[in-house]
Amino acid sequence: TVAGGKYPHLCRFVQHLHAGLDHSLRIVSVERDIEASIRSLQNRSEKHRGQWFAVDDEACEVLQRSLRDHRDNFIASHPEVPVFKVEFAELVTHPEQVVRNLIEFLGITPTPDEIQSAIEHVNPELRKFG
């Protein structure tokens, strides 16, 4: 069985994931300009003021930089863990190719409908912050 999680906060828990999963851990690292990533989170927070996950601009910046640093530090200190790096711009421009490369990296065999669903899940409008 393959289990996967997609949530940026997992970067802060990667040591625990590694301890539990050991050699079966695989990392998919989405590479995006940090300033664009910060602006995206700030925009999401602004749209959802009053929600538990909405924070001020400074907190968005601190959080995004912290998540990036935890991810990068773990990857640098654990060269034995397989990493698939996804360029954010490539994902939103060529989602089909990125999804197919990801399938190969993970060694999974999704159905054609699952593949199409993954491709269609990519929102090219997300690129608005670069």
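Which helix holds His18? His18 is found in helix α1, residues 14-21. Before going further, a word on the model and its conventions. The model is predicted; local features need pLDDT of at least 70, side-chain atom pairs count only at pLDDT 80 or more, and totals for chains, interfaces and linings use all residues. Residues are numbered from 1 along each chain as its sequence is written, and side-chain values use heavy atoms, with hydrogens and water left out.

Start with the overall layout. The protein has six helices and two strands. Helices (H or I, at least four residues) and strands (E, at least two) are DSSP runs, numbered from the N terminus. Read from the N terminus, the order is α-β-α-α-β-α-α-α. Along the principal axes, the C-alpha atoms fill a box of roughly 40 × 35 × 25 Å. Of the 130 residues, 28% are buried. Buried means under 20% relative accessible area, exposed over 50%, and partly exposed in between, with a 1.4 Å probe and protein chains only. Contact means heavy atoms within 4.5 Å. Among contacts with a separation of 6 or more, 66% come from residues 24 or more positions apart.

Return to His18. Its relative accessible area is 15%, so His18 is buried. Leaving aside neighbours within four places in sequence, His18 is in contact with Leu25, Phe74, His78, Glu80 and Val81.

Arg71 lies in helix α3, residues 57-77. Is Arg71 buried or exposed? Arg71 counts as buried, because its relative accessibility is 16%. Not counting residues up to four places away in sequence, Arg71 touches Cys11, Ser29, Val30 and Glu31.

Now the helix packing. Two packed helices are described by the angle between their axes and the distance between the axes. Axes are lines fitted to C-alpha atoms, for helices over the stretch in contact, and angles run from 0 to 180 degrees between N-to-C directions. Helix α2 (residues 34-47) and α3 have axes that come within 9 Å and cross at roughly 135 degrees. That makes α2 oblique to α3. Angles under 35 degrees count as roughly parallel, over 145 as roughly antiparallel, 65 to 115 as roughly perpendicular, and the rest as oblique. The α2 and α3 crossing is right-handed. A crossing is left-handed if the near helix is turned anticlockwise from the far one by less than a right angle, and right-handed if clockwise. Residues making the contact include Ile34, Ile38 and Leu41 of α2 and Cys60, Leu63 and Gln64 of α3.

A second pair follows. Helix α5 (residues 95-106) and helix α6 (residues 112-121) pack at about 130 degrees, with their axes 9 Å apart. That makes α5 oblique to α6. Pro95, Glu96, Val99, Arg100 and Ile103 of α5 meet Ile115, Ala118 and Ile119 of α6. The α5 and α6 crossing is right-handed. Pro110 is found in the loop between α5 and α6. Pro110 is partly exposed, at 23% relative accessible area. Not counting residues up to four places away in sequence, Pro110 touches Ile103 and Ile115.

Last, the rings. Rings of Phe, Tyr and Trp (its six-membered ring) pair if their centres lie within 6.5 Å; planes under 30 degrees apart count as stacked, over 60 as edge-to-face and the rest as tilted. The count comes to two aromatic pairs. The rings of Trp52 and Phe53 have centres 5.4 Å apart and planes at 85 degrees, so this pair is edge-to-face. Trp52 is exposed at 73% relative accessible area, and Phe53 is partly exposed at 21%.
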